[in-house]
Amino acid sequence: MTTPSILLRNAAVGDTTPDAALVHRRGQAIHIQDGLIAWHGTEAEIPAGLACDDEIDLGGRLVTPGLIDCHTHLVYGGKRVADFVERLGGTRYDEIAGGGGGIASTVAATRAADESTLFTMAGMRLERMAGHGATTVEIKSGYGLDPLSEKKILRVARRLGGLGLADVRTTFLGAHAMPAGYEGTKADYLAEMSDEVLPGLVAEGLVDAVDAFCESIAFNPEELEGYFGAARALGLPIKAHLDQLSETRGAALLAKMGATSADHLEYSGTGSIEALARAGTVAVLLPGAYYFLRESRSPNVSALRTARVPIAIATDHNPGTSPMESLPLAMNMACILFGLTPAEALRGTTANAARALGLSDRGSIANGLRADLAVWEVDSPAELSYNIGFSPLHSTFLKGTVRREDSRRADAHDGA
């Protein structure tokens with residue numbers, strides 16, 4: 001079934017260019033055909049005789065590519081409010097974990113929750129993300145840490161893609177942490193994930209990529225090499241949580257294996273950054289976790305720029321360290337906390353975020369790409385990184401199908 005042919009008129013198009021300047025062109029038009037951008041240009045350049053099923057006057061509103069959240073942990077059970085309160089009171093993370101909190105508490109709650117409950121709760125989170133302009137959302141597993149629970153999380157994530165809120169990409173994060181009570185070694189656990197769990201997930205079509213937590217409290221590069229090799233043998237792209245708490249030298253492994261992204265990078269030195277640059281790996285910065293944990297060591301953005309490593313931004317939505325659902329808020333934090341420009345922040349949640357997911361069919365306003373667009377009630381693209389605490393979203397187009405934010409707000413009000 002094809003979607004209607006639509007001509008968007010009277011638009012102010014905001015897109016990013018390679019020189020990091022924000023482009024803001026008024027009087028633009030975009031033709032959508034079969035869910036793709038068929039043509040875009042000025043109103044004066046609209047092809048003669050162009051036939052459309054519908055025309056929409058955007059009233060001069062800003063149009064950007066739909067935002068892409070390339071790092072989330074959206075499907076989980078329970079909350080971590082108690083951890084938050086304890087941490088504010090000065091309790092260390094290892095003390096919280098030792099008392100039954102931390103990731104272990106989320107794993108227990110996720111294992112205990114049935115699929116219907118997880119789907120309902122994650123669907124509400126995804127709806128709110130879409131209300132902030134997200135049209136593509138990556139969802140990781142990693143809060144199951146056993147075969148059945150990991151599969152349950154990924155099944156829920158696949159079902160979320162059917163809601164029509166955003167396109168969902170799934171990532172297997174079985175190597176998130178060692179499960180409590182596991183009787184074998186780290187090598188035993190990773191072998192089980194690589195040899196038994198991952199092939200089954202691929203056979204069922206539940207996984208698009210493979211991730212791991214490469215850190216002193218989780219897994220080191222030597223331990224992960226075989227795990228990543230198994231993923232690559234199955235044709236899956238790889239990525240890693242890297243250098244969040246210490247420099248692990250894991251960048252060399254990611255570069256060797258052609259990883260699509262390296263995420264966090266607070267402790268990555270110039271050597272690690274140069275390795276990522278040589279491999280074309282995207283640096284995914286996660287300011288929400290940095291803020292929430294009150295960290296003091298930020299990623300070396302200057303070195304990333306010098307090495308010309310593409311920078312993406314994501315919410316890192318998770319219950320323990322970044323319970324954030326707004327990509328524009330992540331953009332603001334990246335500018336304020338990490339020193340990115342608004343242009344870098346917009347590119348980081350569009351073109352570079354698409355690249356971090358290995359997607360070449362979205363992230364920019366260009367002919368032939370998916371018609372995933374966000375329409376905003378703002379005067380300039382820089383406002384997307386400027387505003388805090390509300391969403392100026394007017395509507396989104398997901399592969400050419402429009403979703404109006406203003407009408408959804410009206411529906412919610414009417415039903416209250």
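R155 is partly exposed at 31% relative accessibility (buried means under 20% relative accessible area, exposed over 50%, partly exposed in between, with a 1.4 Å probe and protein chains only). Its side chain meets that of E115 in a salt bridge, 2.9 Å from N to O. A salt bridge here is a side-chain nitrogen of Lys or Arg within 4 Å of a carboxyl oxygen of Asp or Glu.

This is a predicted model: local features need pLDDT of at least 70, side-chain atom pairs count only at pLDDT 80 or more, and totals for chains, interfaces and linings use all residues. Residues are numbered from 1 along each chain as its sequence is written, and side-chain values use heavy atoms, without hydrogens and water.

**Salt bridges**
- The whole structure holds 21 salt bridges.
- E115 is partly exposed, with a relative accessible area of 21%.
- R362 and D167 pair at 2.6 Å, N to O.
- R362 is buried at 7% relative accessibility, and D167 is buried at 18%.
- R9 and E55 pair at 3.5 Å, N to O.
- R9, E43 and E55 form a network of salt bridges.

**Nonpolar cores**
- A nonpolar core is a set of buried Ala, Val, Leu, Ile, Met, Phe, Trp, Tyr and Cys residues joined through side-chain atoms within 4.5 Å.
- The largest core has 52 residues; F172, L224, Y227, F228, L285 and L340 touch the most other members.
- A second, separate core of 33 residues includes A134, V168, L327 and W376.
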